[in-house]
Amino acid sequence: MKQKLEQCARALEGCRLIHNAPMKDYTSFRIGGPADLLFMPRTREELLLGLNTAKELGIPRVVMGNGSNMLVSDKGIEGLVIRIAGDFSGIEYDGCTQKVLAGTLMCLAANDALDNGLMGLEWGTGIPGTVGGAVAMNAGAYGGDVKQVLSRVECLIDGEIQHIHPTDGDMAYRYSRFSAPEAIVLSAEFSLSPDDGGAKERSRDYCERRKTKQPLSYPSAGSTFKRPEGHFAGALIEQAGLKGVRVGGAEVSRLHAGFVINVGGATAEDVRILMEKIQEEVFSRFGIMLEPEVKMVGR
């Protein structure tokens with residue numbers, strides 16, 4: 001593997017590449033061991049080069065966005081990590097259609113739409129992930145989600161760039177067919193509407209709710225578990241008496257039980273053990289198995 005990684009690094013010379021990159025610096029949880037190679041493409045051409053090089057050399061690859069929904073193993077990630085964020089961003093408009101590159105932060109896309117007199121993305125003004133990540137998991141909040149406004153996806157499937165108009169079966173709650181490794185989102189188009197005069201106020205209301213009800217002062221990966229049908233994960237966890245329960249540096253937030261937070265020095269193993277404890281206790285009490293919303297990656 002070492003020789004293959006060296007070959008990969010040579011092939012990507014001139015691109016943004018970090019050896020043994022500490023993934024805790026690239027995830028909102030602030031947890032994670034080193035990635036063998038962290039690649040940050042700036043263009044579609046660089047992204048394709050990285051993907052093709054990894055494929056040709058038989059190197060494992062992980063595609064990520066802003067790392068806001070990831071728990072990386074303490075042992076790190078083997079192979080090539082491709083981070084589609086930062087420079088891989090940009091926003092354009094065609095009437096009420098917003099065209100966004102995958103690495104653009106969802107909160108920036110939402111706020112830019114407001115600044116351009118458009119509504120439909122107000123729910124996204126507090127989401128820290130990228131547009132690509134939001135499309136891949138059909139992100140949403142406060143009754144809105146990507147599915148409601150997504151009109152076209154530009155993505156890589158089997159090494160070919162495709163432009164797809166999503167249908168009803170392509171997306172569901174925290175799911176879309178446009179997720180890695182099967183598909184890699186390059187850009188998205190959102191079909192928005194002229195502001196009805198209340199969009200900015202709705203956005204401010206959503207942001208205020210987040211500030212007062214979510215533990216934003218601690219590192220986390222957002223909601224730890226998906227919402228079970230007919231229930232709320234946070235409510236079930238609270239009713240199970242788990243608020244404030246801690247394993248190492250990982251804790252069930254005392255402010256909102258739906259969040260596992262890093263109160264200081266938490267390891268991925270701490271979080272994993274705590275998540276399993278939550279699942280076991282909630283299932284024991286209510287017969288409901290919580291499904292993680294956080295994506296676990298690494299060795």
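The questions below turn to the core and then to the sheet of this predicted model.

Visitor: Which element gives the most residues to the largest nonpolar core?

Guide: This core holds 48 residues, and the members that touch the most others are Leu80, Leu121, Val135 and Phe190. Several elements supply at least two residues each, including helix H1 (2-11), strand E5 (77-83), helix H4 (131-137) and strand E15 (183-191). The element that gives the most, with six residues, is E15.

Visitor: How many residues are in the other core, the one that lies apart?

Guide: Among the members of this other core are Ala240, Val247, Ala266 and Ile278. The number of residues in that core is 25.

Visitor: Which strands stand at the edges of the open sheet?

Guide: The five strands of the sheet follow the order E6-E7-E15-E11-E12, with antiparallel pairing. A strand at the edge has a single partner strand, so one side of it is left without a neighbour in the sheet. The two strands placed in this way are strand E6 (91-94) and strand E12 (160-164).

Visitor: Which residue in E15 does Glu154 stand opposite?

Guide: E11 and E15 are paired in the antiparallel sense, and seven bridges join them. In E15, the residue opposite Glu154 is Ser187.

Visitor: What angle does the direction of H3 make with that of E6?

Guide: Helix H3 packs on the sheet, where E6, strand E7 (97-101) and E15 are the strands that H3 touches. Between the direction of H3 and that of E6, the angle is about 40°.

Terms used. Residues numbered from 1 in each chain as written. Predicted model: local features only at pLDDT ≥ 70, side-chain atom pairs only at ≥ 80, totals over all residues. Heavy atoms only, no water. Core = buried A, V, L, I, M, F, W, Y, C linked by side-chain atoms within 4.5 Å. Buried < 20%, exposed > 50% of the residue type's maximum accessible area, 1.4 Å probe, protein only. Helix = DSSP H or I, 4+ residues; strand = E, 2+ residues; numbered from the N terminus. Pairing = 2+ DSSP bridges. Contact = heavy atoms within 4.5 Å. Axes fitted to C-alpha atoms, helices over the stretch in contact; angles between N-to-C directions.
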